[in-house]
Amino acid sequence: MEGEKRPAPSEGLFADGHLVLWTLCSVLLPVFITFWCSLQRSRRQLHRRDIFRKSKHGWRDTDLFSQPTYCCVCAQHILQGAFCDCCGLCVDEGCLKNADRRFQCKEIMLKNEGRALDAMPHHWIRGNVPLCSYCVVCKQQCGTQPKLCDYRCIWCQKTVHDECMKNSLRNEECDFGEFKNLIIPPSYLTSINQMRKDKKTDYALLASKLGKQWAPLIILANSRSGTNMGEGLLGEFRILLNPVQVFDVTKTPPIKALQLCTLLPCYSARVLVCGGDGTVGWVLDAIDEMKIKGQEEYIPQVAVLPLGTGNDLSNTLGWGTGYAGEIPVAQVLRNVMEADGIKLDRWKVQVTNKGYYHLRKPKEFTMNNYFSVGPDALMALNFHAHREKAPSLFSSRILNKAVYLFYGTKDCLVQECKDLNKKVEVSF
């Protein structure tokens with residue numbers, strides 16, 4: 001109609017330009033923010049790695065602490081940051097360098113070689129004491145105030161209030177607490193180092209100063225077993241024991257880790273294997289190698305913390321069918337201290353191929369005498385082979401059991417072990 005007004009062409013173009021601009025902003029701004037956040041995160045990770053590489057602390061970063069945590073440097077409440085899995089120090093990202101300069105981690109060996117075996121001072125760290133801990137002076141609960149407060153000794157795990165920390169307690173000698181009979185004191189290793197320089201090997205005389213109940217424990221954990229709990233357990237054991245006693249078998253083979261037993265009195269060491277049946281067998285094979293080397297007097301007793309999927313050997317020895325963190329690590333150490341020793345029947349088995357005019361050498365294996373031959377053994381072998389190829393895919397115990405079920409069903413249907421009694425001959 002003639003009376004209607006039409007918008008000018010310039011006004012329509014102006015409106016379309018605003019629409020395009022807002023569309024570009026709504027699309028590009030989230031992309032830019034995401035890119036900027038990822039760039040900052042990568043910079044922080046590089047910064048952390050650089051500090052972790054140079055630091056003497058065993059830093060591990062976390063995106064969320066499991067309990068209210070305060071930075072030991074700036075005393076501010078933090079949700080994410082890093083913590084040392086040896087001494088338990090917690091810091092913010094920006095305070096890592098200051099923490100390295102100000103705080104010392106656990107000493108594996110004492111720098112002062114003249115210090116006596118029984119003269120170990122407390123090593124106090126302020127703040128972030130464990131929940132439900134009590135002061136050794138007034139017997140009241142520690143860590144109840146919403147701030148960085150109270151102290152914890154990283155060796156004996158005793159806690160004390162700020163106001164109860166007196167000069168006498170600050171300079172008091174540490175007795176290593178509840179697990180003193182399992183801990184290798186730093187002063188002992190210092191004395192051993194001096195004795196080796198002097199070409200002396202009377203370790204029993206040196207250990208007599210630590211008491212008759214002293215039976216040091218060596219931790220051998222497989223960080224890949226079961227639900228990958230081994231990595232977290234390594235840190236918890238380092239906090240309660242001397243870090244030199246704790247080994248990750250994926251980085252340090254058991255035969256090398258067990259050489260620590262040769263620095264201890266004869267028949268005094270114990271070993272706690274955290275892993276599945278394969279890890280336990282690996283450690284037992286390393287012990288057999290110690291026998292071959294003539295180190296029988298240093299062979300330790302073996303305890304098991306089952307982290308694998310099947311855990312038949314652990315269940316046979318009375319250590320249970322699986323560990324999922326239902327009891328604290330401190331209770332695991334108490335169980336090891338109270339456990340009774342039993343003997344395990346182990347055989348040497350030679351497997352010989354029939355025919356070929358005996359040109360092939362027989363293969364020799366070590367067998368724990370609870371074994372089985374047939375579909376279940378084939379199922380375990382297939383599971384182990386595929387886990388070695390892709391260990392990252394086997395991070396859940398439920399998923400591992402599902403894979404076991406798949407291979408068990410497959411082997412029963414295919415029947416690869418059919419007429420096994422006609423193919424295998426057993427000779428004694």
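User: What makes Leu-29, Phe-32, Ile-33 and Trp-36 a nonpolar surface patch?

Analyst: In this predicted model, these four residues together make a nonpolar surface patch of about 440 Å². A patch takes residues with over 30% relative accessible area and no salt bridge, and nonpolar side chains are joined within 5 Å, so Leu-29, Phe-32, Ile-33 and Trp-36 are counted as one patch on that basis.

User: Why is Phe-32 called exposed?

Analyst: Phe-32, which lies in helix H1 (residues 9–54), has a relative accessible area of 53%. Exposed means over 50%, and therefore Phe-32, at 53%, is called exposed.

User: What makes E1 and strand E4 a pair?

Analyst: E1 and strand E4 (residues 81–84) are linked in the antiparallel sense over four bridges; since pairing asks for at least two bridges, the four found here meet that requirement, and so the two strands count as paired. Within this pairing, Thr-62 stands opposite Gly-81 in E4.

User: Why are strand E1 and strand E5 called edge strands?

Analyst: The open sheet has three strands in the order E1-E4-E5, with antiparallel pairing. Strand E1 (59–62) and strand E5 (90–91) each pair on one side only, and these are the edge strands.

User: How many helices and strands are there in the chain as a whole?

Analyst: The chain holds 13 helices and 14 strands, and buried residues make up 38% of its 428 residues, where buried means under 20% relative accessible area.

Notes
Residues are numbered from 1 along each chain as its sequence is written. This is a predicted model: local features need pLDDT of at least 70, side-chain atom pairs count only at pLDDT 80 or more; totals for chains, interfaces and linings use all residues. Side-chain values use heavy atoms; hydrogens and water are left out. Buried means under 20% relative accessible area, exposed over 50%, partly exposed in between (1.4 Å probe, protein chains only). Patches are made of residues with over 30% relative accessible area and no salt bridge: like charges are joined within 9 Å, nonpolar side chains (Val, Leu, Ile, Met, Phe, Trp, Tyr) within 5 Å. Accessible areas come from the Shrake-Rupley method with a 1.4 Å probe; for residues, only the protein chains shown count as cover. A salt bridge is a side-chain nitrogen of Lys or Arg within 4 Å of a carboxyl oxygen of Asp or Glu.
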